[in-house]
Amino acid sequence: QQEAQKLRFLASVCTICTTSVGSTELVMLYFWQLEVLETIEVLLQEEPTDHLGTAVRQQAMLTIAAMGREGLLLQEKKSSLLHTCFCSIFHLPSQEDTQGPEALLYSKTLDMMNGMLQVLVRSASALGILELQNILQLLLPFTNSQLAAVQERAMGRIARLANFITTYPELQVCPCFAQATVLRHGCSKAHRFVMLGRLVGHLTLCCTCKDKGTHREAAEALYHLHTFILQQRSKCPRLHDTEQLQLQEGWQARELWQLSQSRQATKILSMFMKYLQPSDQVDVILVAIKSFRAPSSYSVSTAARMVDILVEEPAFQLGQVRNIVWAIYRNLPSIRVVVALNSLDRALLVLMGKSPSEVVASLLQCSLMCNRVAVSMWRAVLSESQAVGKVLQELLSILMNQSLRKTSTSTKDNPRILSLAAAGTISKILLQPTCLRQVEAIFPQLFLALLFQVSFTTELTVQEVSIFWKEHQQGLLTPVRSAVQSLRVLLCSMGFESQVLAIEAQGGWDALLSTQTHLMGVRVVAREMMKTPRPLRSTIFCHLAELLRVEDPTWEMIAMVFLIEMLGCTDLSEELDRALEIFPTYLQSQCLGMPSLVLRGILRLTKRPDTARKTLVLLPYVMEQLQGADSDASAAALPVLGNMLQLLEGKMPSLTALALADKLQPLFNDESGTVRELSIRLFQNAMERVVGTEKKKMKKVVWDGLLPLLFHLHDQDKCVVKASQEALCSAGRFLKWGQLAQLAEATEAWRISECLLARNRSRAMDYLRQSQVYLRSPQEPLRREAVRFI
């Protein structure tokens, strides 16, 4: 009695507090409000030992209503206070357990709760629809209680609120929620009825509840909600006259009432479908899926039928499919009823048919390591051959879509993480018998995509690896090993077990796992794949060429390494034109090592009789490599040019040799001994190829090269010394200077220098200029010879 009197006193002074306007008084008022609300919450949590305890609860609700009316109900305490209030009152003894005055008291308590909730909605003014939805969100979980009395009381409060909003025209809500199509207008979020779908889903399922009281209250709530929707539609200018007439006659409401009484939930849902936007329909699906976990409360077959109906209807927007897939994933481990499981399988298949990209991406996000639950979902999706093709195409697209420029660590928008998950998932998918035929059709593309993925995985950041590995921290399957395993499973599933074993015997699989040895592993794999049937090799080669037409730093080096190895296939000469078309682009690539790699491939082609002459179209691009600063590229280009020079016919050898000789002299002093030797030997070769009118021009070039060749007789690299000696001998013969040839053959360098000055003193200034370059040579013997010559 004292507690009830205290609460009545607090309610009576609520209005007095609002007169305080000073900052100190406002602070004091806040703490007073907090203390009052905490006191009410404590009182509501006490067990009601008699009717006086119930009276205290009644007074508590009066106080809450009074504080809400005066704007003194703190927002941060409101939800917890209402939840406590619902727990306290909904768990009062049921009518079957009470008689006489107590039963009347409990009934009066529920009526007072109705009044309190209506006051809270009214006091929210322009935000009334938000307040209503907050209350409904707190009430809905109680409708799933295992206690029939709690279910009925919670549903009764929802029904009274639904009835209340039909008689409360001041409720500010935008009627757009009652339109089946999304209206593009700028209504405030505070005026949207966003939980319509969730509410309809709960109420429809509750119409199938075994408890008669809950069923009756749910039917009434649906009836009032339907009336409210029709009222809002009547405010919309797009409503047709015929619908206004139907609204006036109320035939839809009568039909709804009859359906709800006969528990025809699916027909009830069909009546609401015309008013549900896609987002609302998704909410209904989510409610139905969650209900599968507690089949004793509602009709499982009805919930399954609801899912079947709704997934067939709309074209879901971006993100809505993801919500459905995630709901299936989260609830699936707790679902045991076959009807429910079959319904979810059908839903996944339907969604795959409409939104394959969304479904595949969502499944990958659900479980990056493809756990047991994810495998069961993939199995459902792959149960039809038509869906299998879509799944494989989507996975292939994801594998090829990873971007080195993407730095986000969210699995929702990071193609690097998704491609990583796709690589691991493929090994599980390939075990499904429905996949083999479809995999065979896209095997070359899928094989290369997985190979690229292995390469990409070796470059993952520590943070990205931790995201992927989060589900499998106790296991040994690192991301790169997962990708390699999928590659092996793919080859075995296509009947290439011998290639898998051969690669393993050569250490290829282990080499793929490390960044340092990865390219070596790619070469091993490529060499073994060259032993597959020609049609397959041809397809792989052509696909590589097509991929390389679009420069992509993610996988272009791997693709080129593989393609260069495949140039050893002598039965692929018809496909070589594709490679020759892309080589010029990659000879100019800034990617480290790419020009050298391409040149090694071209060198291989110049040695094959059936392809050698085809390579001559690349001659200008190969010559450009001599002007770069990349010694490796120059070293690779020189033997290619030597072979090409032998392939030229007519006047071309002479003209090319003349142009080539002029570009070679700067390479005589290259830091690489290999480049120095090869450039000098090619210079000698070029001299011997010049004939006719070009010979006069070539003599000037040869004279310019004599002093550098003379200095390199003192080179620290013995191979360069020998090449210089032989080149000087050839120069003597080319210039018809027998003395020079004799001295060079005898390696009498000092006498050669004297002869140079004596033979043509007019070139002294040119010799001085050339000598000064060698004063900066990293080789001490060459610097000394330059000084002596000067």
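The charged end of Arg 788 sits over the ring of Trp 750, 4.9 Å from the ring centre. Such a placement is counted if NZ of Lys or CZ of Arg is within 6 Å of the ring centre and within 35 degrees of the ring normal. Trp 737 takes part in a like arrangement, with the charged end of Arg 759 over its ring at 4.8 Å from the centre. The model is a predicted one, in which local features need pLDDT of at least 70 and side-chain atom pairs count only at pLDDT 80 or more, while totals for chains, interfaces and linings use all residues. Residues are numbered from 1 along each chain as its sequence is written, and side-chain values use heavy atoms, with hydrogens and water left out.

Rings of Phe, Tyr and Trp (its six-membered ring) pair if their centres lie within 6.5 Å; planes under 30 degrees apart count as stacked, over 60 as edge-to-face and the rest as tilted. Phe 164 and Tyr 168 make a stacked pair, at 5.1 Å centre to centre and 20° between the planes. Both of these residues are buried, a term for under 20% relative accessible area, with exposed meaning over 50% and partly exposed in between (1.4 Å probe, protein chains only).

The pair of Phe 711 and Tyr 774 is edge-to-face, because the ring centres are 5.0 Å apart and the planes stand at 65°. Since Phe 711 belongs to helix H37 (residues 694-711) and Tyr 774 to helix H41 (residues 764-774), this pair ties together parts that are 63 residues apart in sequence. Helices (H or I, at least four residues) and strands (E, at least two) are DSSP runs, numbered from the N terminus. Phe 711 counts as buried at 2% relative accessibility, and Tyr 774 counts as buried at 4%. Elsewhere, Phe 443, Phe 447, Phe 496 and Phe 562 form one aromatic cluster.

Helix H26 (residues 497-505) shows how burial can be arranged on a helix. Its residues Gln 499, Val 500 and Ile 503 are buried. Seen down the axis of H26, the buried residues fall within an arc of 100°, so they line one face of the helix; the arc is that of the directions from the helix axis to the C-beta atoms. The face turned away from the buried side of H26 carries the exposed residues Leu 501 and Ala 505. Among the elements covering the buried residues of H26 are helix H25 (479-493), helix H27 (508-512) and helix H28 (518-529), where contact means heavy atoms within 4.5 Å. H26 is followed by Gly 507, whose phi is positive, near 80°.

Positive phi values also occur in residues other than glycine. Cys 370, with phi of about 55°, is found in the loop between helix H18 (356-366) and helix H19 (372-381), and at 3% relative accessibility it counts as buried. Lys 736, with phi near 55°, lies in the loop between helix H38 (718-734) and helix H39 (738-745). Lys 736 is exposed, with a relative accessible area of 73%.
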